[in-house]
Amino acid sequence: MIPHFKFRLRILITILLITALGFGSKYYSGVGSSWVNNSLAGLFYEIFWCLVISFINPRLNAVRIGSWVFIITSVLEFLQLWHPAFLQTIRSTFIGAALLGNSFTWLDFPYYLAGCTLGIMMIYYLKKYSM
């Protein structure tokens, strides 16, 4: 069997599920929709990027992946304080707003940390049961 095939397949399936949950959280309109749309969605965003990077390079250490995802998304969060025209144009689209965000809040950071932690745990679990 191709090295890492089972792991990558399981990661891919998990990415598809997390993507559905992430987009679903952006469109959710029930009780607590503001929290789900604006805060909980960040958790899925972090998990998604951890899994994507692990899919691309399964040999990378999960903790290193999670740490870099947290650092990069934290930088992106701070970029939300900057409003040049080119970033505003990107943020005006759904994908641009989903990837870059559109408003800074310190309350996003615990969700980023939790998402990266869950992403690390998922990578370890998927590696353990795929190799």
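In the predicted model, Ser54 is placed in helix α2. The residue is buried, since its relative accessible area is 0%, which falls under the 20% limit for burial. Leaving aside residues up to four places away in sequence, Ser54 touches Phe7, Ile11, Ile65 and Ile123.

Among these partners of Ser54, Phe7, Ile11 and Ile123 also take part in the contact between α1 and α6. These two helices pack with their axes 9 Å apart and at an angle of about 145°, and their crossing is right-handed. On the side of α1, the contact is formed by Phe7, Arg10, Ile11, Thr14 and Ile18, while α6 supplies Met122, Ile123, Leu126 and Lys127. By class, the residues of this contact comprise six nonpolar, one polar and two charged.

Helix α2, which holds Ser54, also gives the most to the lining of the largest pocket, with nine residues. This pocket contains about 680 Å³ of space. Two or more lining residues come from each of α1 (5-27), α2 (33-56), α3 (62-79), α5 (94-100) and α6 (108-128). In total, 32 residues line the pocket, and those that lie nearest its centre are Lys26, Ala41, Tyr45, Ala97 and Ala98. The lining is made up of 16 nonpolar, 13 polar and three charged residues.

Key: Residues numbered from 1 in each chain as written. Predicted model: local features only at pLDDT ≥ 70, side-chain atom pairs only at ≥ 80, totals over all residues. Heavy atoms only, no water. 1 Å grid on protein atoms, 1.4 Å probe; cavity = no way out; pocket = protein on both sides within 12 Å on 5 of 7 lines; lining within 4 Å. Points joined across faces, edges and corners; volume = space filled by probe spheres on them. Helix = DSSP H or I, 4+ residues; strand = E, 2+ residues; numbered from the N terminus. Nonpolar A, V, L, I, M, F, W, Y, C, P; charged D, E, K, R; others polar. Axes fitted to C-alpha atoms, helices over the stretch in contact; angles between N-to-C directions. Left-handed = near helix turned anticlockwise from the far one by under 90°. Contact = heavy atoms within 4.5 Å. Buried < 20%, exposed > 50% of the residue type's maximum accessible area, 1.4 Å probe, protein only.
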